[in-house]
Amino acid sequence: MVAAGAPASATEGTRASTKLLYFDHMWTLQATATVVSVITEGERVAVVLDQTILYPQGGGQPFDTGFIEALDGPIKFRVTDVRAKSGVVYHYGNYDENTQTKVASYKPGDGVKIVVDGTRRTLNSRLHSAGHLLDACMRNAGLETLEPGKGHHFPDSPYVEYKGVIPSKDLENKRGALESEVNRLVTLGGQVRAMIVPYSEAAALCGGSLPDYVAKDSCPRIVCLGEHPGCPCGGTHVSEISEIGEVKVTQIRVKKGVSKVSYNLADSVA
Ligand SMILES: [Zn+2]
């Protein structure tokens, strides 16, 4: 899949960009930060911080939820949606009802602790990582001529798309082959790494070339699952391939020249 994850660059835009701590610390679920501003958009309130460990929705991966708690004081802000616009991350939500002082709100300069909902993050990271692993399986299942397209890693209906057609007579056979291969690779395991490297090094990690949307003068973030070819990605992932667990490839559908591979995690299928 291509372009997985939220913005691959944290420096775009004219406003001060939010530092994305999960870029370097994908498995950290708590961090401290300083409040930059509190924004009201109609009924919605958004807290902007100098840095964040909460993942903003993008690249087919859902946003994190969690809390922003005052370092010294009773204020607790429940984060129910996280979005990135022009490099700035907006934490939407509401002040917790249990906050002792009901009129309290954050001010610029306040020190806070950010806490990620680990259950939701783990599920999203497993689903997203499974999408990467399916890319490797396409090659191993003799489908390497299909070009990776978009990925959607939401728990309701995850899928990865490839440009190219699998003949209808082969669909069930290839579905079974992909499912066997992805579970073989899960069992084999391997370390997952994310690194921000110069373009030429990034291309080498990704099998020799990068997609056209990656600027040649940039230092993209590359994610590698084990020894499989890497992929430019801004998302969060498991730390070990085996943490993905058993994967079901539920269906392959071909429409308008695109093959859509639907999958899910065995332990999240009803
Ligand atoms: Zn990724």
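The model is predicted, so local features need pLDDT of at least 70 and side-chain atom pairs count only at pLDDT 80 or more, while totals for chains, interfaces and linings use all residues. Residues are numbered from 1 along each chain as its sequence is written, and side-chain values use heavy atoms, with hydrogens and water left out.

**Exercise 1.** Determine the strand order of the open four-stranded sheet and state which helices pack on that sheet or lie across its strands.

*Solution.* 
Step 1. Strands are DSSP runs of E with at least two residues, helices are runs of H or I with at least four, and both are numbered from the N terminus. Two strands pair if DSSP finds at least two bridges between them.
Step 2. The order is β9-β10-β15-β14, with antiparallel pairing. Because β9 (147-152) and β14 (247-255) each have a single partner strand, one side of each lacks a neighbour in the sheet.
Step 3. Between β10 (residues 159-163) and β15 (residues 258-265) there are five bridges; E161 stands opposite K260 in β15.
Step 4. Helix α1 (residues 118-140) packs on the sheet and touches β10, β14 and β15, its direction making about 135° with that of β15. Helix α2 (residues 171-188) lies across β14 and β15, at about 145° to β14. Axes are lines fitted to C-alpha atoms, for helices over the stretch in contact, and angles run from 0 to 180 degrees between N-to-C directions. Contact means heavy atoms within 4.5 Å.

**Exercise 2.** Is T52 buried or exposed?

*Solution.* 
Step 1. T52 is found in β4 (residues 51-52).
Step 2. Buried means under 20% relative accessible area, exposed over 50%, and partly exposed in between (1.4 Å probe, protein chains only).
Step 3. The relative accessible area of T52 is 0%, so T52 is buried.
Step 4. Apart from neighbours within four places in sequence, the contacts of T52 include L20, Y22, V89 and I114.
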